[in-house]
Amino acid sequence: MLSYHNWDRRLMQLLDDGTRNKNHPVQLVTQNVINYGGQMPHKKQDLIDQNLQDLNDDGVDRRGFLKCMAWAGTGLVWTMSGGVPVSRAFAKSVDKTAVKGADFTFVQISDSHIGFNKPANPDVTATLQTAINKINAMPQKPDFIIHTGDLSQLSKPSEFDTLDQVLKGASAKQIYFVPGEHDMLSDNGEQFLQRYGKGTKGTGWYSFDQKGVHFVGLVNVANLKAGGMGSLGHEQLEWLEDDLRGRSASTPIVLFAHIPLWTIYPDWGWGTDDSAQALSYVKRFGSVTVLNGHIHQIMQKVEGKVSFHTAMSTAFPQPAPGTAPSAGPMKVPADQLQQMLGITDVNYLVSGRSLAVVDSPLGAGSSATANAGGI
Amino acid sequence: MDRKRGNPNHDRGPAFVRRSRSLTAADMPAPGSAAVQIDNFVFGPQAITVPTGTTVTWTNRDDIPHTVVSTDGVFKSKVQDTDEKFSFKFDKRGTYAYYCSIHPKMTGKVVVQ
C-alpha cells in the first residue's frame with residue numbers, strides 16, 4: 001500500500017526525470033497514473049498536467065490522454081504509424097475501428113504465477129481464468145496469445161498442469177511462451193522447455209512470422225550473474241543478430257521477453273544487462289515493439305522507432321519502482337485487485353504497418369474493445 | 001501499518017535485533033550455528049563472520065521464493081519458498097560470496113575465520 005508521502009517522493013522523481021529527458025518525458029508518469037487507478041489527488045494531477053504541457057511539443061494530446069487515464073484507470077491505446085508514436089485516450093482512438101478491421105490481433109498475458117497463494121491474491125488460478133474469459137469475449141478473436149513468463153510460482157509440475165488446464169479454455173489455440181525466472185527454479189528450465197519450448201533454441205528463444213510481422217521470443221532469466229539484472233547472453237545475442245540479418249527494414253519487429261529489455265529500476269533488477277546489444281540489432285527497422293512482463297504493472301517508453309511496453313500480471317500487482325522497500329507483492333484491498341491485474345491486446349494493421357497496444361484490467365468491461373468504446 | 005511491507009507477517013526485524021530484545025535460550029542460536037534472514041529481498045546481515053565449523057542457516061521470510069547460491073559453486077540451495085530454511089556447515093576458512101540466483105541483485109557473504 002502506498003502512502004501519499006511515497007507518492008509525492010516518487011512523483012517528484014518522475015517529474016525530475018521527465019524534465020531531464022525530453023525525448024520521452026511522459027511514459028513513467030503515465031504508468032503511475034495507471035497504477036493509481038484514478039485515485040490521484042487533484043493537486044498532483046494539476047502538477048502533472050502543467051509539467052506535461054511544458055514538455056509536450058510533439059503534437060500528441062498527452063494532457064487529455066492522461067486525464068482520461070486518471071478517470072478511468074484502465075488502459076491506453078498506443079499506436080505506431082510510420083515510426084511516429086502516437087498515444088491516445090481510448091475515447092479519441094481510431095483503434096476502435098482498428099480493432100474491428102485489424103489484420104490480426106494477439107493478446108499478451110504475463111506473470112500468472114500459478115501456485116502463488118498469499119495476499120493480495122489467494123486464488124491466482126481464478127484471476128487467470130478471468131483473463132482468459134476476457135480474451136474469449138473479444139469481438140475479434142485473437143490469432144494467438146503470448147505469455148511473457150512466470151507461468152508458475154515455483155516451477156512445480158502441478159502448477160504447470162493447472163496453467164495448462166486454464167489455457168485450454170482459451171479461444172486462441174496457439175500460445176507462445178517465454179520463461180520467467182520462476183519457471184526455471186529447480187531444473188534450469190528443462191521442464192519448461194519440454195512443455196512450452198519444443199523446437200526452440202538454447203534456453204528457449206525462437207522467432208516466427210505472422211502476416212508480415214516478425215516476432216522474436218527471448219530468454220533473459222537464465223544463468224543470471226551475482227549482482228546483475230536480466231541477461232540474454234552471448235549465444236542468444238549472436239542468434240538474434242543472425243535471425244534479423246537480411247530482413248527488410250520495413251518489417252515490423254516484435255521482441256518479447258520476461259524481464260524488461262530497458263532499464264526501469266536497477267536497484268530491483270528491473271532491466272537486462274545486455275539489452276543494449278540486442279536493441280542495436282533492431283535499430284535499422286522502422287517499427288519495433290518490445291513487450292515485457294516481470295514488473296506486474298504497465299510502463300512504456302518510446303525511444304526512436306522502438307516502443308517498450310510492460311504488461312500487468314494476471315496474479316498480483318507489484319509496487320511502483322522505489323515506492324516500497326522491495327519488489328515483493330503489493331497488498332491491495334480485494335475490491336481493487338482486479339483493477340491492477342490485466343491483459344494486453346495488440347492489433348496490427350498492414351496498411352501503415354501500425355501496432356495498437358491496448359491494456360485492460362480484469363475488473364473493467366467484458367473485453368478490451370468494449371472498454372475502448374465505453375470511455 | 002508496518003512501514004516495511006504493509007504486511008503484519010513481515011513485521012519482524014532482522015535476526016540480530018530480535019535476539020537482542022529476547023535473550024532467551026530458545027532464541028539463541030545453538031553453539032556453532034548462525035542465522036541469516038531474507039527479508040524484503042535482502043540477506044540480513046549481508047556479511048556475517050563466523051568461526052570454522054559453524055552451520056549457517058538462511059530463512060526466507062519473503063512472500064517470494066529465493067535461493068542461496070555460492071558464487072564459486074561451494075553451496076547451492078534448492079528454491080526456498082516462504083519460511084523455508086537452508087543450512088550449510090563451513091569447515092574451511094575463507095570468504096564465501098553468495099547470491100540469490102532468481103534475484104541476482106541480492107548478494108551476501110560469509111567470512112569463516
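# A tour of chains A and B

Start where the two chains meet. The contact draws on 21 residues of chain B and 26 residues of chain A. Color those two sets differently. Keep in mind that this is a predicted model.

**Stop 1: the interface**

The size of an interface is often given as the accessible area lost when the parts come together. Here chain B and chain A bury about 1900 Å² between them. Carbon and sulfur atoms give 64% of that area. Now select B:Asp63, B:Pro104 and B:Lys105. These three supply 28% of the area that chain B buries against chain A, more than any other three residues.

How many salt bridges are there between chain B and chain A? The count is two. Six residue pairs are in polar contact between chain B and chain A, both residues being at pLDDT 80 or more. On the side of chain B that touches chain A, eight residues are nonpolar, seven are polar and six are charged.

**Stop 2: chain B as a whole**

Chain B has 113 residues, and 46% of them are buried. Chain B exposes about 5800 Å², and carbon and sulfur atoms supply 53% of it. Now think about contacts along the chain. Take the contacts in chain B with a separation of 6 or more: residues 24 or more positions apart account for 50% of them.

Next, zoom in on B:Gly44 and B:Pro45. A cis peptide bond joins them, with omega at about -5°. B:Pro45 sits in the loop between strand S2 (42-44) and strand S3 (47-50) of chain B.

Then select B:Asp91 and B:Lys89. They form a salt bridge, with the closest N and O atoms 3.9 Å apart. B:Lys89 is partly exposed because its relative accessibility is 46%.

**Stop 3**

Bring chain A back. Center on A:His294. This residue lies in the loop between strand S9 (288-292) and strand S10 (299-303) of chain A. Is A:His294 buried or exposed? A:His294 has 9% relative accessibility, so A:His294 counts as buried.

Show the residues around A:His294. Beyond its neighbours within four places in sequence, its contacts include A:Ser110, A:Asp111, A:Trp270 and A:Gln318. The side chain of A:His258 makes a polar contact with that of A:His294 at 3.0 Å. The side chain of A:Glu181 makes a polar contact with that of A:His294 at 3.5 Å. Now pick the C-alpha atoms of A:His294 and A:Ser313. These residues are 19 apart along the chain, and the two atoms are separated by 7.9 Å.

**Stop 4: backbone exceptions in chain A**

Most residues other than glycine have a negative phi, and most peptide bonds are trans. Chain A has some exceptions to visit.

Select A:Pro119 and A:Ala120. The peptide bond joining them is cis, with omega at about 5°. A:Ala120 lies in the loop between strand S3 (104-109) and helix H6 (124-136) of chain A.

Move to A:Ser155. Its phi is positive, about 60°, although A:Ser155 is not a glycine. Look for A:Ser155 in the loop between strand S4 (144-147) and helix H7 (157-168) of chain A. A:Ser155 is buried, at 2% relative accessibility.

Then go to A:Asn223. This residue also has a positive phi, about 55°, and is not a glycine. A:Asn223 is in the loop between strand S7 (213-217) and helix H9 (234-244) of chain A. Its relative accessible area is 60%, so A:Asn223 is exposed.

**Stop 5: salt bridges**

Over all chains, the structure holds 11 salt bridges. Select A:Asp143 and A:Lys211. Their side chains meet in a salt bridge at 3.6 Å, N to O. A:Asp143 is in the loop between H6 and S4, and A:Lys211 is in the loop between strand S6 (206-210) and S7, so this pair ties together parts of chain A that are 68 residues apart in sequence.

Now show A:Asp243 and A:Arg247. They form a salt bridge, with the closest N and O atoms 3.9 Å apart. A:Asp243 is buried at 12% relative accessibility, whereas A:Arg247 is partly exposed at 25%. Finish with A:Asp161, A:Asp164 and A:Arg195. Salt bridges that share partners join these three into one network.

Technical notes: Residues numbered from 1 in each chain as written. Chains lettered and ligands numbered in written order. Predicted model: local features only at pLDDT ≥ 70, side-chain atom pairs only at ≥ 80, totals over all residues. Heavy atoms only, no water. Buried < 20%, exposed > 50% of the residue type's maximum accessible area, 1.4 Å probe, protein only. Contact = heavy atoms within 4.5 Å. Areas by Shrake-Rupley, 256 points an atom, 1.4 Å probe, with all protein chains shown as cover. Buried area = accessible area lost by both parts, 1.4 Å probe. Salt bridge = Lys/Arg side-chain N within 4 Å of Asp/Glu carboxyl O. Polar contact = N/O pair within 3.5 Å; in protein donor to acceptor, adjacent residues only side chain to side chain. Nonpolar A, V, L, I, M, F, W, Y, C, P; charged D, E, K, R; others polar. Helix = DSSP H or I, 4+ residues; strand = E, 2+ residues; numbered from the N terminus.
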